[in-house]
Amino acid sequence: MAFLRAGGADTIVSRSSLFVIPHASYQQETSWAPGVAYGYYFKSRDLSRISSISGSAVYTLRHQFTFNATPKLYLGPEHKWYLYSNLNVRKYPDYFYGVGGNRQPVSEAYTSRAVSVLLQPQYAVTRHLYVGPHVEARFEHVKTAFGSPEAEAAVYDRYGRAGWTPYVQTAVGVAATFDSRDNAFYPYRGVYAKGVAAVSVAGWGSTYSVQQVSADVRHYFPLFRRQVLAVQLLAEGAFGRRGVPFQLLPTLGGRDVMRGFREGMYRGNLLVAAQAEYRFPLFWRFRGSVFCATGEVFNAPAFHVSDKWKFAYGAGIRCRVNDARVHVRFDIAKNNYHDKLQFYITATEAF
């Protein structure tokens with residue numbers, strides 16, 4: 001369900017709008033978990049530069065919760081400044097499946113209690129290129145269910161203590177974004193490329209010394225009658241000589257990167273992935289898509305390839321909810337590991 005509010009003038013090509021999508025899920029470790037995905041989109045005279053505040057909130061019947069907010073704001077005359085930011089607060093159960101690209105026979109249950117803040121204020125060097133600092137802070141404390149000191153010691157011996165004991169990370173670096181898309185939410189054409197390099201130093205607002213890098217390149221090829229071929233290449237890395245909290249390691253799977261795999265099941269020091277999606281109109285506000293993806297995670301220092309390279313595929317339906325081309329997205333996906341089907345309901349595209 002979407003609730004829309006509109007207003008503006010003749011010169012406005014995208015009116016202000018608000019949508020709220022309720023949803024619910026059930027898992028043994030959470031019981032029923034009702035939640036909402038939401039988004040507010042500011043009015044704009046430029047369809048390629050629309051400010052927004054989006055996110056989600058979930059609260060379970062076992063008093064667990066997650067809250068996420070992502071403001072993306074174009075500021076100043078002629079949109080000379082762009083602020084990408086994120087706030088995440090959570091007390092939520094999860095599973096750790098080990099590191100590397102091979103599936104582990106056991107998993108460890110834990111509850112994450114975390115707060116993280118990300119700020120990337122960027123200045124327009126050219127019409128399409130924004131550059132600026134990257135600042136990120138994260139505090140996390142996990143609650144485990146090891147059952148005995150012996151079981152706890154075995155987990156530390158197998159995986160190390162990084163991420164299992166409370167930690168604080170403050171990372172600083174630089175971010176650069178090139179964006180020539182005609183629209184950020186459902187592009188018909190253009191290129192998007194973003195690179196980030198950041199470092200955190202133990203003793204300087206951080207528990208661990210960690211170096212993080214990422215590169216995200218997307219190209220949107222217009223076809224006939226509003227059909228689009230979208231492709232993405234993604235690489236992420238997190239490295240540290242004395243350990244990296246496992247929550248900071250790149251992971252594939254979930255609603256955006258390689259749909260069809262459970263998020264968090266595979267993580268490592270380095271992630272590489274490639275995705276392609278064919279998007280086409282159906283009728284009225286509805287659109288369809290078919291997609292496929294391949295990728296892998298590698299663990300330092302050997303960076304061995306896993307026993308089975310990962311591949312995922314699926315299809316979905318979208319429904320446009322406002323002038324900014326924001327779509328509610330429903331996807332169904334499968335992988336080559338014979339896992340059960342994965343379903344995703346969210347707003348905006350995977351890439």
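Analyst: Val272 sits in strand β14, residues 270–283. Strands here are DSSP runs of E of at least two residues, helices are runs of H or I of at least four, and both are numbered from the N terminus. This is a predicted model, in which local features need pLDDT of at least 70 and side-chain atom pairs count only at pLDDT 80 or more, while totals for chains, interfaces and linings use all residues. Residues are numbered from 1 along each chain as its sequence is written, and side-chain values use heavy atoms, with hydrogens and water left out.

User: Why is Val272 called partly exposed?

Analyst: Its relative accessible area is 28%. Buried means under 20%, exposed means over 50%, and partly exposed is in between, with a 1.4 Å probe and protein chains only. Val272 therefore counts as partly exposed.

User: What does Val272 touch, leaving aside neighbours within four places in sequence?

Analyst: Contact means heavy atoms within 4.5 Å. On that basis Val272 is in contact with Leu234, Ala235, Thr294, Gly295, Glu296, Phe298 and Trp309. His134 is 138 residues from Val272 in sequence and 22 Å away in space, C-alpha to C-alpha.

User: Arg279 is charged by definition. Is Arg279 buried or exposed?

Analyst: Buried, because its relative accessible area is 0%. Arg279 also lies in strand β14.

User: Which polar contact does the side chain of Arg279 make with another side chain?

Analyst: One with the side chain of Glu277, at 3.3 Å. A polar contact is a pair of N or O atoms within 3.5 Å; within protein, one must be able to donate a hydrogen and the other to accept it, and residues adjacent in sequence count only if both atoms are side-chain atoms. The side chain of Arg279 also reaches the backbone oxygen of Phe351 at 2.7 Å. Beyond four places in sequence, its contacts include Tyr186, Tyr220, Arg226, Glu349 and Phe351.

User: What makes Asp182 buried?

Analyst: Its relative accessibility is 19%, so Asp182 counts as buried. Asp182 is placed in the loop between β8 (167–179) and β9 (190–200).

User: Which side chain makes a polar contact with the side chain of Asp182?

Analyst: That of Arg325, at 2.9 Å. A polar atom of the Asp182 side chain also lies 3.3 Å from the backbone nitrogen of Arg189. Leaving aside neighbours within four places, Asp182 is in contact with Leu47, Ser48, Pro187, Tyr188, Arg189 and Arg325.

User: Why does Ala37 count as buried?

Analyst: Because its relative accessible area is 11%. Ala37 lies in strand β2, residues 31–41. Its contacts beyond four places in sequence are Phe19, Val20, Ile21, His23, Gly55 and Ser56.

User: What backbone angle does Arg225 have although it is not a glycine?

Analyst: A positive phi of about 55 degrees. Most residues other than glycine have a negative phi, and most peptide bonds are trans. Arg225 is in the loop between β10 (210–222) and β11 (228–239). At 71% relative accessibility, Arg225 counts as exposed. Thr348 has a positive phi too, of about 70 degrees. Thr348 is partly exposed, because its relative accessible area is 24%.

User: Which bond joins Ala300 and Pro301?

Analyst: A cis peptide bond, with omega about 0 degrees. Pro301 is in the loop between β15 (286–298) and β16 (310–320). Its relative accessible area is 78%, so Pro301 is exposed.

User: Which residues have the most contacts inside the largest nonpolar core?

Analyst: Phe96, Tyr110, Trp164, Tyr208, Val244, Phe246 and Leu249, in a core of 16 residues. A nonpolar core is a set of buried Ala, Val, Leu, Ile, Met, Phe, Trp, Tyr and Cys residues joined through side-chain atoms within 4.5 Å. Apart from it lies another core of 14 residues, among them Leu234, Phe261, Tyr266 and Ala312.

User: How do the lining residues of the second largest pocket divide?

Analyst: Into 10 nonpolar, 5 polar and 2 charged. Ala, Val, Leu, Ile, Met, Phe, Trp, Tyr, Cys and Pro count as nonpolar, Asp, Glu, Lys and Arg as charged, and the others, Gly among them, as polar. Of the 17 lining residues, Val99, Tyr159, Gly243, Val244 and Leu249 lie nearest the centre of the pocket. On a 1 Å grid over the protein atoms alone, a pocket is an open set of points where a 1.4 Å probe fits, with protein on both sides within 12 Å along at least five of seven lines; lining residues have an atom within 4 Å of a point.
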